[in-house]
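Visitor: I am new to this structure and would like a close look at a single part of it. Please keep to one strand and its surroundings.

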Amino acid sequence: MENCEVHYHENGNKYYEFYFLNEKPHREDGPVYIEYYVWGEKQIEHYIIHGKFHRDDGPVTICYWPNGNVREERYYIKGKQHRTDGPAEIEYNEGGEIIRQTYYLNGQEYDPFKWMVEIGSAKEK
């Protein structure tokens with residue numbers, strides 16, 4: 001079972017939660033690290049299993065703007081940036097519009113066209 005370390009802001013609200021197992025970041029049923037703004041809203045979430053960034057069903061890192069909108073999402077599998085159904089890094093402005101997208105497969109960055117070709121080639125195999 002994971003252990004949890006919790007720290008608080010001076011006002012009593014949570015500052016961060018950190019889960020670990022055998023002294024390594026690890027949590028299988030939620031984010032391993034959650035950081036909060038001083039007023040209590042989430043600022044950052046990280047998903048880590050056995051010390052490596054990993055998540056099968058969504059982004060491994062999610063950062064939030066103070067207004068609650070998502071600021072950034074990053075996708076990893078087994079410690080490598082990777083995503084086969086869209087960009088592995090997405091940045092948003094405060095209003096929620098995408099301002100930057102970067103594509104990765106197995107830790108290697110691709111331009112969008114080459115990424116689509118690679119994904120198409122992988123599906124044909």
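Visitor: In which sense do strand β2 and β4 pair, and over how many bridges?

Guide: This is a predicted model, in which local features need pLDDT of at least 70, side-chain atom pairs count only at pLDDT 80 or more, and totals for chains, interfaces and linings use all residues. Residues are numbered from 1 along each chain as its sequence is written, and side-chain values use heavy atoms, with hydrogens and water left out.

Strand β2 (residues 14-21) pairs with β4 in the antiparallel sense, over three bridges. Strands here are DSSP runs (E, at least two residues), numbered from the N terminus, and two of them pair if DSSP finds at least two bridges between them. Within this pairing, E17 stands opposite I34 of β4.

β4 also pairs with strand β5 (residues 42-46), again antiparallel, over four bridges. Here I34 stands opposite E45 in β5. The hairpin of β4 and β5 has five residues between the strands, and G40 takes a positive phi near 110 degrees in it.

Now the side chains. In a regular strand they alternate between the two faces of the sheet. Strand β4 spans residues 33-36, and both of its faces are covered. Y33 and E35 lie on one side, I34 and Y36 on the other, and all of these are buried. Buried means under 20% relative accessible area, as against over 50% for exposed and in between for partly exposed, with a 1.4 Å probe and protein chains only.
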